[in-house]
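Work through the exercises below with the sequence and the model side by side. Try each task before you read its solution.

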Amino acid sequence: MAGFRSLARQVRDQGCDTALRRYSLRKCLERFAPYGHRATWDHLCRRHGFGPDDRELDPARLVAALEELEEARAVWLAYEAEFAARRRREKHGGLRALGALDDWHRDVWGGNGVVRCGDPAVHPTEPLPQVMRRLVAALEQGPGEACPVCAGTRIAWADGPGDPEWYGPVCADCGVEVPRAVLSPDALARAREMRSRPLAPAA
């Protein structure tokens with residue numbers, strides 16, 4: 001199975017036809033998709049001006065989308081490396097208990113769904129690297145009162161049919177499922193008191 005970097009090379013390969021290069025970009029999202037596969041694809045299509053089902057398009061747009069994805073991935077991988085190094089130091093020092101942040105990391109290791117968007121059409125409009133830097137800053141600062149992506153405070157608990165593992169706080173301003181580890185107990189309690197309403201596309 002091709003890895004992210006191998007697929008990225010195919011996206012840049014001018015010897016490949018455009019449809020294959022587009023397919024390779026889409027496959028990259030199986031390795032790294034911060035909003036989840038469909039929402040991250042929708043984000044890249046909107047930001048770089050191509051349709052989700054376009055087969056023939058300007059290859060430069062595909063490369064620009066790839067570069068945005070690569071930069072965001074580099075931000076996340078650097079954070080993961082530092083997180084892993086910190087956990088090794090803690091274990092060496094005798095601290096082996098796992099907290100909420102550790103549990104969350106185990107579920108999103110590699111970058112898939114770190115700020116999942118339940119509605120693929122509702123997600124932040126800022127560049128992915130900017131979103132990832134905001135998330136990393138929030139993770140490093142500890143639990144807070146607002147969405148780490150947009151600083152919005154309209155956070156409501158989402159629930160419904162399906163896998164309850166994905167239920168939790170959702171930002172009504174930008175559409176991301178806010179990691180519980182970045183919210184204070186008070187913020188989580190407020191979110192649980194609210195039920196999510198239909199989200200409007202983030203501006």
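**Exercise 1. Locate Ala151 and state whether it is buried or exposed.**

Step 1. Ala151 sits in the loop between α6 and β1. Helices (H or I, at least four residues) and strands (E, at least two) are DSSP runs, numbered from the N terminus.
Step 2. The model is predicted: local features need pLDDT of at least 70, side-chain atom pairs count only at pLDDT 80 or more, and totals for chains, interfaces and linings use all residues. Residues are numbered from 1 along each chain as its sequence is written, and side-chain values use heavy atoms, with hydrogens and water left out.
Step 3. Ala151 counts as exposed, because its relative accessibility is 56%. The cut-offs are under 20% relative accessible area for buried, over 50% for exposed, and partly exposed in between (1.4 Å probe, protein chains only).
Step 4. Now check the backbone. Ala151 has a positive phi of about 65°, although it is not a glycine.

**Exercise 2. Describe the layout of the protein chain.**

Step 1. Count the elements: seven helices and two strands.
Step 2. Read them along the sequence: α-α-α-α-α-α-β-β-α.
Step 3. Turn to burial. Of the 203 residues, 45% count as buried.
Step 4. Look at contacts (heavy atoms within 4.5 Å). Among those between residues at least 6 apart in sequence, 65% join residues at least 24 apart.

**Exercise 3. Find the buried side of helix α2 and what covers it.**

Step 1. Helix α2 spans residues 18-28, and its buried residues are Thr18, Arg21, Arg22, Ser24, Leu25 and Cys28.
Step 2. These residues lie on the same side of α2, because they cover an arc of only 160° around the axis. The arc is that of the directions from the helix axis to the C-beta atoms.
Step 3. An α-helix has 3.6 residues a turn, so residues three or four places apart point the same way.
Step 4. The cover over the buried residues of α2 includes α1 (4-12), α3 (37-48) and α4 (59-92).
Step 5. Finish at the N-terminal end of α2. Asp17 caps it, with a side-chain oxygen 3.1 Å from the backbone nitrogen of Ala19.

**Exercise 4. Which residues touch the most other members of the largest nonpolar core?**

Step 1. A nonpolar core is a set of buried Ala, Val, Leu, Ile, Met, Phe, Trp, Tyr and Cys residues joined through side-chain atoms within 4.5 Å.
Step 2. The largest such core has 50 residues, and Trp76 and Val176 touch the most other members.
Step 3. Elements giving two or more residues to this core include α5 (100-108), α6 (128-141), β1 (155-158) and α7 (185-193). Helix α4 supplies the largest share, nine residues.
Step 4. Inspect Val176. Not counting residues up to four places away in sequence, its contacts include Val115, Pro124, Cys147 and Val170.

Note on methods:
Polar contact = N/O pair within 3.5 Å; in protein donor to acceptor, adjacent residues only side chain to side chain.
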